[in-house]
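Dear colleague,

Please find the structure below, followed by an account of what was found in it.

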Amino acid sequence: MQTPAQLLGRKLTGCQGTHGVFPACNFGCQPCYLSANSNRVRVDGAHTVAEVERQMAFFRERRGPAQYAQLIGGEVSLLPAEAHAEALEMMRRYGRMPMSFSHGDFDYEYLEEIAVRPDGSRRFDLVSFAIHIDSTMRGRRGIRHAGSERELHPERRRVREMFDRLTAEHGVRTHLAHNMTVTPDNLDEVADVVRVCRELGYRMCSFQPAAMVGDQRRWDEGYRTLTDDAVWAEAERGAGTRLPYKALQVGDLRCNRVTYGVWAADRYVPLLDDADPRDLRARDVFLARLPGNLLFAPPLIAAARVARALLLHPADIPTVVSWAQRFARRLGVRAVGGDLHPTTYVMHSFMDAADVAPAWDLLQRGVRATDPKLLTTQERLQACAYGMAHPDRDEIVPACVQHSVFDEAENARLGALLPLYRPRD
Ligand code: SF4
């Protein structure tokens, strides 16, 4: 995976996620990557904060500072708002840029309590949420079981408006991503979801083709008919253009596809065209010259570091200038009106537990699989871009392994530690 496009190990150390911090969820989706016993664990704010600290300290030690990390598990909004906020603060303390993963079925007051202190002062200048809304989900208050994605558009709008209100009332900036599980049943609605998310101003649109991982009772054989290309083609149909995903790569392309770009009025313009050799030369310059990580750098400092990097290598400046000219041409006159909206398209394809468990077992024993499917699985696990910290095991494991191998036993242990009903004294 050490291709010229690879970001991992050069500009990123991989996405990071929490586990075993609040395994329960109040929805019943199909599919669901949570294990069948996840709802036997009580949601407990003190446990969450302590465990988040343990995991983030391990990430900080192993992967350094300045990385995205997801506050994820079951449903994050089941946490009391105060504990939710404390967990986010803890993640920042360890150099993580946190993102809360939620179904979004909470009210404005909950969001406000996270972002704003009781005295009215801002606790965070920026909150980042990934909101999962799709028709595979069951249990939303407004619509318990949507028959189509279209029926959920009002909910997508409600969530967006809730975050806009937070900005208007308290000046808290928001970064909002939209997640959608894709199955053969909602595949042909992906394009419509892309269009609506664009209208509503979601900054990221992420698709997860359904995999047979987590709770087996929620699997459907039909998932096997889905291909990554089919899902991506529908996303492209919604964006109205090709979404080049080979110019920049995060881990293994069989796991992740990503396109960074900008909506200029009604046209989506990717930052890099992977079919244009001049763009790929510019990509090489960016990866070779730009400072390692600008995630937490204030805009002026970031600009100064970029300028310094280029000035130290004047021979690269024509490549960068010609890329900037091409990009401006692709944006066209639309850019003049200032209607520009950076948006990222992502697809993350989890693997089936039936492949992950044996492939991981072989990897643990240092054995390279001979079965082609298991070998592919091993390759993907070894290039994993989404890890979960296990300080006790002294390792970071792929999220696929977490859900396929560890979750069930971990939840059984947590269920004993955090039973749903406290025993009487
Ligand atoms: S190995 Fe699994 S968790 Fe890691 S990037 Fe690939 S699909 Fe994602």
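Strand β2 (residues 67-71) and β3 run parallel and are paired over five bridges; two strands count as paired if DSSP finds at least two bridges between them. Within this pair, Q67 stands opposite R96 in β3. Helices (H or I, at least four residues) and strands (E, at least two) are DSSP runs, numbered from the N terminus.

This is a predicted model: local features need pLDDT of at least 70, side-chain atom pairs count only at pLDDT 80 or more, and totals for chains, interfaces and linings use all residues. Residues are numbered from 1 along each chain as its sequence is written.

Together with helix α2 (residues 81-93), β2 and β3 make a right-handed β-α-β unit. A crossover is right-handed if, with the strands pointing away from the viewer, the path from the first strand over the helix to the second runs clockwise. A right-handed unit is also made by β3, helix α3 (residues 108-115) and β4. β3 and β4 run parallel, joined by three bridges, and S100 stands opposite F129 in β4.

Six of the seven residues of β3 (residues 96-102) are buried, so this strand is largely enclosed by the rest of the structure. A residue is buried if 20 or more other C-beta atoms, placed from the backbone, lie within 10 Å of its own.

Strand β4 (residues 126-132) also pairs with β5 (residues 173-182), in the parallel sense and over seven bridges. There, S128 has H175 in β5 as its bridge partner.

Overall, 11 strands form an open sheet with mixed pairing, in the order β8-β7-β9-β6-β5-β4-β3-β2-β1-β10-β11.

With kind regards

Key. Buried ≥ 20, exposed ≤ 12 C-beta atoms within 10 Å, placed from the backbone.
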